[in-house]
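I opened this notebook to record what I looked up in one structure. The entries follow in the order I made them.

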Amino acid sequence: MNPYLFFIISCHQASKSIQDTSSSHVEDGFVDSIDTGDEVVDTGEYNADTAVEDTSLDTSTPQEDPWQDLYLEDAFFKSTHNSYSGEERGTILEQLESGVRGIEFDVHDNDFQNWGDYLIGHSSHGSEVDHHGSNPDTILLKDWLAVVNEWSLENPQHAPITITLDLKDNLTDNHSHTMGGFSAFNQLLLDIFSDRLVPVSSSLPSVADLRGKVMIVISGDEESRKHYKRDKGHNPAVAINDQGQVMEVHDSGTGWLWYWTGQLQPEGDIIWHRHGRYDSGTLPAIALNNDGFFVEVHKSESQNSLWYHTGYLDQDYFPHFSESVEFDSGTTPSIRFEDKNTTFLREIHVSENTGLSWDWYMELNQNNLTLTLGSHNQCSALPFDKEMDGALAVSTESHNQSPADTLVYRYQSGSPNRIRYPQVAFVEYQRNNASEIDDAMCHFAAIGNGQMSQSTLWQQEGKLTRVWSFSEGNTDQPPPNYPAVDYPYENWYIAYCQAIGCLE
């Protein structure tokens, strides 16, 4: 007998058993009644001598969930590879009904602006997608996720479903939410699964606490996985108004200008809502008033010309930028509203020739987003500290395992936090990936068939492992948590999943 299978049978089947007795009815892990053997006859009259008290509610006691002490790293789940491809896998609903709890979709961001969604497919969008039976007749990711969501809602006691989204394209080259950046990615997941998504944290609860829940895991393109966890940049600047609205701007180091917008929370954290590219240039600075209007200044990436944008934040934290306007020459531009309740600003920069400071006094017209330039003089003041506004500061530095170009913020001199979107999805680690992916929040690792020894090493580190294209030839090895196959109904796989105690 296989020694690995023997061990797992003895462990997991025991943990899943529920003791049955003749005096109780067990359903969904709870005892809901006790048969006393008495019979109550309703005569329409109350007789104290013959009436029998119904004690079923009083004597029922909840029984501990059999998965309460079972944690994900010790659990196993039937899984499929390229789950959307049908054929021997069946439809997504058929897979879920048969006990599959690991689903995989290949995701493309081509033409997101036209579709308003990501597309599924193997080598390209639409490739090898099966539309038979109950599968959607589209290639829109939201439609396929909706199938999983609807089944989950109808089966609330199911073991957690893990959906791996294998990114076939680089999402970091999408320059805004409307082009398919990670804010759109997060929003799609939240819109479909809402609070049933398992939150990303440094630890995971028991399997019992994850009944009816869904976990999203990002696989595929490494650049996207790295920068879902952090953003990188150079020369950051920040502004915050009295309503807690925040704008951060920085350059890429290669001539592009990017922004982040967010909202300060009462505890001092910032929820970052929007991120995008808005121009070319370097050394940007930003000012933001209490009405949500802003003025941005920067230097040309190739010359000493100075430029500005005006704009405003809308209710969804989208920054609307005007066309850029050249206003001077110099370097290290900086800008601040003189009072955040007004429209008057002062800009200070350094002459590229003399190294002396010069300033401009300006007024923003909030009706048409024009800027009126006032007096302009040499001054003794240094440029504003653009990396700090009040109690909020930004910088680039190494953060935990991330490189030194990681964008971070601090509020009231607190601990540094990364400037990034909230992590709605887990990030999967793969062999030879950048070490920054493998941080305290990294619980998942995956590798292809034929490399089971690596899967075993990851499991020893406490990771949940997925092996795609898993085959019968690997059944004598310690099992991965997600043995993902193309043929989930073959007898060997059914027997294997029973032997290792796959949860459903």
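**Contacts and burial**

I began with contacts, meaning heavy atoms within 4.5 Å: among those in the chain between residues at least 6 apart in sequence, 54% join residues at least 24 apart. I noted that this is a predicted model, where local features need pLDDT of at least 70, side-chain atom pairs count only at pLDDT 80 or more, and totals for chains, interfaces and linings use all residues. Residues are numbered from 1 along each chain as its sequence is written, and side-chain values use heavy atoms, with hydrogens and water left out.

I then looked up burial: 53% of the chain's 504 residues count as buried (under 20% relative accessible area, 1.4 Å probe, protein chains only).

**Cores**

I looked for nonpolar cores, sets of buried Ala, Val, Leu, Ile, Met, Phe, Trp, Tyr and Cys residues joined through side-chain atoms within 4.5 Å. The largest has 70 residues, and Phe105, Leu145, Ile163, Leu165 and Phe185 touch the most other members. Helix α6 (residues 182–193) gives the largest share of this core, seven residues. Another core, of 19 residues, lies apart from it and includes Leu72 and Phe426.

**Sheet**

I recorded helices (DSSP H or I runs, at least four residues) and strands (E runs, at least two), numbered from the N terminus. The chain has nine helices and 28 strands. Two bridges join β23 (residues 406–411) to β24. Valine 408 stands opposite arginine 418 in β24.

Definitions and conventions: Buried means under 20% relative accessible area, exposed over 50%, partly exposed in between (1.4 Å probe, protein chains only). Two strands pair if DSSP finds at least two bridges between them.
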